[in-house]
Amino acid sequence: MMSNLNSSRHPSTFHLLGIPGLEDYYHWIAIPFCLMYIVALIGNFGVLFLIITVKSLHEPMYIFLSMLAVTDLILPSCAVPKTLGIFWFNFKSISFQGCLAQMFFIHFIYCFESAILLAMAYDRYVAICDPLRYAVKFTNIIIRNIAALGLVRSFCVVTPLTYLLHRLPYCQNMEVPHTYCEHMGIARLACADITVNIIYGLTVVISSMGLDVVFVIASYAHILRTVLNMKSQQARRKAFSTCTSHVCVIILFYVPAFFSFFAHRFGKHIPLNVHIFVANLYIILPSMLNPVIYSVSTKKIRHSVLRLFY
């Protein structure tokens with residue numbers, strides 16, 4: 001009796017449908033996804049290798065960049081292999097526990113990456129607006145504490161999502177119209193009220209990543225004011241050049257993420273396949289482009305890369 005009740009509440013498997021309406025193009029869509037994933041792996045492993053092996057890159061800014069590279073390796077690895085399995089081999093089944101685990105790690109890494117981008121914005125703020133105290137504010141111990149705080153915050157914020165999904169009873173429809181498991185996509189399969197899930201999901205975004213964005217904007221507002229008050233044109237250019245790559249990464253990270261999040265909840269007129277396609281892009285595109293942006297825009301990394309080949 002108890003086993004039957006438990007199985008009715010929690011299905012053994014879900015079926016990820018991929019991108020509904022684009023089934024005839026799966027093999028073609030998978031090719032650029034696979035190439036982007038390979039580029040993301042090579043690029044981020046390359047950035048990690050450079051930062052670890054080149055002593056001149058053992059600075060706070062590059063240590064944060066190495067953390068970003070690690071998240072950019074893990075995040076697409078949580079979703080893209082399964083997506084390619086759906087597109088190429090029709091491997092749509094995923095266990096209930098596996099689905100929750102995938103959901104947890106995707107949201108966990110995403111929340112942690114947001115914390116890293118905030119730390120990098122604060123790093124640039126201190127370097128430009130308060131350079132005399134930079135060495136004091138960014139010791140190795142402080143950097144480790146920042147990383148630990150980001151991990152703890154991500155765990156505390158995302159763990160309740162897993163519980164909120166685990167407590168729900170699920171109906172006969174076990175088909176998830178997506179390429180990977182995410183919170184609201186699973187919650188909508190439940191045959192129960194999911195108001196708590198919706199409210200908590202919004203709270204997570206506003207209280208974590210939403211606040212991160214506010215602090216990042218505040219940091220760059222102070223940076224902009226400081227740079228514009230600099231008398232030296234060369235100093236202005238140098239200050240702007242150190243921030244350009246980070247600003248590009250921030251835009252690339254947050255814009256598609258917030259579009260996907262709010263479209264999933266409020267964008268009823270946005271076609272489902274468009275929403276799912278964008279959700280896949282925000283998993284893989286930043287991870288692929290971040291190493292390219294930093295390699296092109298950051299002088300030390302660019303020179304380190306050139307030294308490897310010449």
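F64, Y122, Y125, Y134 and F138 together make up one aromatic cluster. Here the rings of Phe, Tyr and Trp (its six-membered ring) pair if their centres lie within 6.5 Å; planes under 30 degrees apart count as stacked, over 60 as edge-to-face and the rest as tilted. The model is predicted, with local features needing pLDDT of at least 70 and side-chain atom pairs counting only at pLDDT 80 or more, while totals for chains, interfaces and linings use all residues. Residues are numbered from 1 along each chain as its sequence is written, and side-chain values use heavy atoms, with hydrogens and water left out.

**Aromatic pairs**

- The whole structure holds 17 aromatic pairs.
- One of them joins F104 and F105 in an edge-to-face arrangement, with 5.4 Å centre to centre and 85 degrees between the planes.
- F104 is buried, because its relative accessible area is 15%; the term buried means under 20% relative accessible area, exposed means over 50%, and partly exposed lies in between (1.4 Å probe, protein chains only).
- F105 has a relative accessible area of 42% and is therefore partly exposed.

**Nonpolar core**

- The largest nonpolar core has 95 residues, and F14, L65, Y170 and I186 touch the most other members.
- Helix α4 (residues 96-129) provides the largest share of this core, with 17 residues; helices (H or I, at least four residues) and strands (E, at least two) are DSSP runs, numbered from the N terminus.
- Such a core is a set of buried Ala, Val, Leu, Ile, Met, Phe, Trp, Tyr and Cys residues joined through side-chain atoms within 4.5 Å.
- In soluble globular proteins, nonpolar side chains tend to be buried together.
- L65 is in contact (heavy atoms within 4.5 Å) with V47, I51, M120, Y294 and I301, leaving aside its neighbours within four places in sequence.

**Nonpolar surface patch**

- Y25, W28, I31, L35, I38, I42, W88, F89 and F91 make a nonpolar surface patch of about 1,000 Å².
- The elements giving two or more residues to this patch are α2 (26-53) and α3 (60-89), and the largest share, 5 residues, comes from α2.
- Patches are made of residues with over 30% relative accessible area and no salt bridge, where like charges are joined within 9 Å and nonpolar side chains (Val, Leu, Ile, Met, Phe, Trp, Tyr) within 5 Å.
- Accessible areas come from the Shrake-Rupley method with a 1.4 Å probe, and for residues only the protein chains shown count as cover.
- W28, a patch member, lies in helix α2 and counts as exposed because its relative accessibility is 65%.

**Salt bridges**

- A search of the whole structure gives 4 salt bridges, each defined as a side-chain nitrogen of Lys or Arg within 4 Å of a carboxyl oxygen of Asp or Glu.
- D212 forms a salt bridge with R153, and their closest N and O atoms are 2.9 Å apart.
- This pair links distant parts of the chain: D212 is in helix α8 (residues 195-228) and R153 is in helix α6 (residues 140-166), 59 residues apart.
- D212 is buried because its relative accessible area is 2%, whereas R153, at 24%, is partly exposed.
- In the salt bridge between D123 and R124, the closest N and O atoms are 2.7 Å apart, and both D123 and R124 are buried.
- R133 forms a salt bridge with D130, with 3.9 Å between the closest N and O atoms; R133 has 47% relative accessibility and so counts as partly exposed.
- A network of salt bridges links D130, R133 and K137.

**Individual residues**

- N90 has a phi near 60 degrees, a positive value in a residue other than glycine.
- N90 is located in the loop between α3 and β2 (93-95), and a relative accessible area of 51% makes N90 exposed.
- T83 lies in helix α3 and counts as buried because its relative accessibility is 1%.
- Residues up to four places away in sequence not being counted, T83 touches F33, T179 and N280.
- H166 belongs to helix α6 and, at 34% relative accessibility, counts as partly exposed.
- Contacts of H166, leaving aside its neighbours within four places in sequence, are with R9, H10, F96, Q97 and L100.
- The C-alpha atoms of H166 and L68 are separated by 30 Å, with the two residues 98 residues apart along the chain.
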